[in-house]
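Trainee: I would like to take a close look at one part of this model, and I would be grateful for a careful account of what lies around it.

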Amino acid sequence: MEDNYRVAPPGFTPAQWQTFNEDGIIFIEDALSEEDIDAYIDAIDRVATTHPKYTQGGYLGMENIVERDKVFAGLIDHSRHVGFAYDLFGELLKLHQSQFFLRPPGGKQYNQWHPDGARALPYGVFSPKLPLQIKIGYWLTGLPREKMGNLVVLPGSHRQQYMDGYDTHKSLPGEKVLCPRKGTMTVMHSSIWHRVEPNESNVVRYNIFIAYCPSWVTPADRFHSSPEWLGTLNREQRIIMRSYSHAYHNAKPPASDFPLFLARETGTETDAGAYQPHVQLHRRKRQTMHEQLSR
Ligand SMILES: O=C(O)CCC(=O)C(=O)O
C-alpha cells in the first residue's frame, strides 16, 4: 500500500445522520472561520467581476466554479465536508456540481419550489432511502431575517415525489426559511423540495454550493475537465472530478483510482473478510457508512 493515501475525513455523527434522514438537511454553525469566509468572498468577487455576465449590483449564478479559481478547486476534496459525501457514496464519489450565487437586493432572482436532480424519473424512485445527490452549502453572508434571498426548504419532503406547491413560489405550511449565521455549513439531501426568497434587504447574499453524487450519476455542470487543469489538482481532487474519456469508467473506474480514501476507523483500503485475497481492490464492493450502521 502506498503510504500517501489519505484517511477519509470525518463525516456524519450519528445524531447528524438521524436529523439528515428525518429532515433532509443539517446545519453546522461556525464551520467556516472569518479568514475562510473572506477568502471565499474574495474568490467569488475575483471570478464574478471578470465574467462577461457580471453587472455591478446584479444577480450572478455560476457553475463549475472549481475550474475557475484555485481557492474553489480546494473545495473538491476539502476535509471540512468531503467526508459527508464519502459516507454516502464511498469509493465512487464524484463532484456533481459546484456553484456560487450572488443574490443582490431588489433582484427578481428568487426561484420556485423544486427538488434537485432528475424530474421525470426522480432518483427517489430507485433509491427511496438514500440520496443520490447531496449538496453542501457554505453561507458566507449572515441571513438573520426572511426576505434576504434565503433558501426555503420543506423539512422531511425529500421522500415526497409530488408536491402541490411545485412550480409555485407560495409559502407553505411547515416550510423553513433558512436564516443561517455567517459561516454555517449545510448538508442537504438534493431531493428535498426547496425554493428561494426574494432579497428585499440591503445585503448581497454570497454563498457556495458543492454537490456530490456517485460517479455513475451524470455530472451537472460539465462533460469533461481540461487535462491541463486536472494536472494542477492533487490525486483525490482529480479522481473526484471523474473526467473519464471511457464512459464505462464512471461505473468501473480504473484500478489507479482506488483507494480514493482509506477507511476512517482502520486506516485500511479494504473491508476485512469480505473477499478471497485474490480479488483486486478495484473490483471489490466496499461498505459505506450507512451499510456499516445497519449491520
Ligand atoms: O440559491 C439557493 O439558495 C438555492 C438555489 C437552488 O434552488 C438550486 O441550486 O437548486
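Leaving aside its neighbours within four places in sequence, which residues is Ile134 in contact with?

Mentor: Please keep in mind that this is a predicted model, in which local features need pLDDT of at least 70 and side-chain atom pairs count only at pLDDT 80 or more, while totals for chains, interfaces and linings use all residues. Residues are numbered from 1 along each chain as its sequence is written, and side-chain values use heavy atoms, with hydrogens and water left out.

Beyond the excluded neighbours, Ile134 is in contact (heavy atoms within 4.5 Å) with Phe20, Phe84, Ala85, Leu88, Phe89, Val187, Met188, Ser190, Ile210, Ala211 and Tyr212. Ile134 also belongs to the largest nonpolar core, which has 50 residues, and together with Phe100, Ile208 and Tyr212 it touches the most other members. Such a core is a set of buried Ala, Val, Leu, Ile, Met, Phe, Trp, Tyr and Cys residues joined through side-chain atoms within 4.5 Å, and buried means under 20% relative accessible area with a 1.4 Å probe, protein chains only. Apart from this core lies another one of 12 residues, including Ile25, Leu151, Met188 and Ile192, and Met188 is also one of the contacts of Ile134.

Leu151 leads us on to the ligand, which is surrounded (heavy atoms within 4 Å) by Gln99, Phe101, Arg103, Asn111, His114, Asp116, Lys135, Leu151, His194, Val196, Arg205 and Phe209. A polar side-chain atom of Arg205 lies 2.7 Å from an oxygen atom of the ligand, and for Asn111 the corresponding distance is 3.0 Å. In the side chain of His114, an N or O atom is likewise 3.0 Å from a ligand oxygen. The protein covers 93% of the 300 Å² of accessible area (Shrake-Rupley, 1.4 Å probe) that the ligand has on its own. The elements that give two or more residues to this shell are β3 (93-103), β4, β9 and β10 (205-214), and β3 contributes the largest share, 3 residues; here strands are DSSP runs of E with at least two residues, numbered from the N terminus.

Two of these strands, β4 and β9, also belong to an open antiparallel sheet of 4 strands in the order β4-β9-β6-β7, where pairing requires at least two DSSP bridges. Because β4 (111-114) and β7 stand at the edges with a single partner strand each, one side of each is left without a neighbour in the sheet. Further in, β6 and β9 (residues 194-196) pair over 3 bridges, and His194 is the bridge partner of Val153.

Note on methods: Polar contact = N/O pair within 3.5 Å; in protein donor to acceptor, adjacent residues only side chain to side chain.
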